[in-house]
Amino acid sequence: MMADTISNEYHKIHSEEPRQSILQHLQHHPSDHDLMIICRDGSLMTHQVVLACVSPMLRSEMSLMSAADDILAISMPDMTKDHLAEFLAALYRCEDLSKFS
């Protein structure tokens with residue numbers, strides 16, 4: 001039993017795909033969302049850290065505006081909520097984002 005526990009803990013620490021594990025965790029914990037993106041037809045919540053990882057421009061802007069306990073809001077009036085949801089889902093699943101360029 002102890003060997004199984006140690007083996008499981010080793011696998012958790014030395015996962016082949018830690019990026020996917022972290023993103024899956026974030027995706028399924030909406031209470032941790034700290035970024036609201038306001039689209040043409042509604043808004044969606046996500047994580048600043050996730051978008052900061054793929055956009056140096058957003059990372060720079062968020063670092064200037066962000067406060068630890070606040071939810072940051074970004075307006076993207078040319079974006080639809082469905083298109084943003086599709087992009088975020090692909091981002092959280094570590095899919096190729098080139099189709100969104």
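Reader: Before I begin, what are helices and strands here?

Author: Helices (H or I, at least four residues) and strands (E, at least two) are DSSP runs, numbered from the N terminus. Please note that this is a predicted model.

Reader: How many helices and strands does the protein chain have, then?

Author: The protein chain has 5 helices and 3 strands. Read from the N terminus on, its elements follow the order α-α-β-β-α-α-β-α.

Reader: And what share of the residues is buried?

Author: Of the 101 residues in the protein chain, 26% are buried. The accessible surface of the chain amounts to about 7,200 Å², and carbon and sulfur atoms hold 56% of that surface.

Reader: Which residues of the largest nonpolar core touch the most other members?

Author: That core has 20 residues, and the ones touching the most other members are Leu35, Leu51, Met62, Leu84, Phe87 and Leu88. At least two core residues come from each of these elements: helix H2 (18–27), strand S1 (35–39), helix H3 (48–54), helix H4 (56–65), strand S3 (72–76) and helix H5 (81–92).

Reader: Which of them gives the most to this core?

Author: Helix H5 does, with 6 residues. As a general matter, nonpolar side chains tend to be buried together in soluble globular proteins.

Reader: What does Leu84 touch, leaving out residues up to four places away in sequence?

Author: Leu84 is in contact with Ile37, Cys39, Leu44 and Met79. For the chain as a whole, among contacts with a separation of 6 or more, 57% join residues 24 or more positions apart.

Reader: Changing topic: how many aromatic pairs does the structure hold?

Author: The structure holds 1 aromatic pair. It is formed by Phe87 and Phe100, whose ring centres are 5.3 Å apart; their planes stand at 85 degrees, so the pair is edge-to-face.

Reader: Where do Phe87 and Phe100 lie?

Author: Phe87 belongs to helix H5, while Phe100 is in the segment after H5, so the pair ties together parts that are 13 residues apart in sequence.

Reader: Is Phe100 buried or exposed?

Author: Phe100 has a relative accessible area of 17%. Since buried means under 20%, Phe100 counts as buried.

Reader: Which residues does Ala90 touch, again without those up to four places away?

Author: Ala90 touches Glu95, Leu97 and Phe100. Ala90 is part of helix H5 and is buried, at a relative accessible area of 1%.

Reader: You mentioned Glu95. Which residue does its side chain meet in a salt bridge?

Author: The side chain of Glu95 meets that of Arg93, at 2.7 Å from N to O. The structure holds 1 salt bridge. Glu95 is partly exposed at 34% relative accessibility, and Arg93 is partly exposed at 46%.

Reader: One more residue, please: where is Thr46?

Author: Thr46 sits in strand S2, which spans residues 42–46. Thr46 is buried, with a relative accessible area of 1%.

Reader: With which side chain does the side chain of Thr46 make a polar contact?

Author: The partner is the side chain of Tyr92, at 2.8 Å. Beyond four places in sequence, Thr46 touches His33, Asp34, Leu35, Ile37, Leu51, Leu88 and Tyr92.

Notes: Residues numbered from 1 in each chain as written. Predicted model: local features only at pLDDT ≥ 70, side-chain atom pairs only at ≥ 80, totals over all residues. Heavy atoms only, no water. Core = buried A, V, L, I, M, F, W, Y, C linked by side-chain atoms within 4.5 Å. Buried < 20%, exposed > 50% of the residue type's maximum accessible area, 1.4 Å probe, protein only. Contact = heavy atoms within 4.5 Å. Areas by Shrake-Rupley, 256 points an atom, 1.4 Å probe, with all protein chains shown as cover. Phe/Tyr/Trp six-rings, centres within 6.5 Å; stacked < 30°, edge-to-face > 60°. Polar contact = N/O pair within 3.5 Å; in protein donor to acceptor, adjacent residues only side chain to side chain. Salt bridge = Lys/Arg side-chain N within 4 Å of Asp/Glu carboxyl O.
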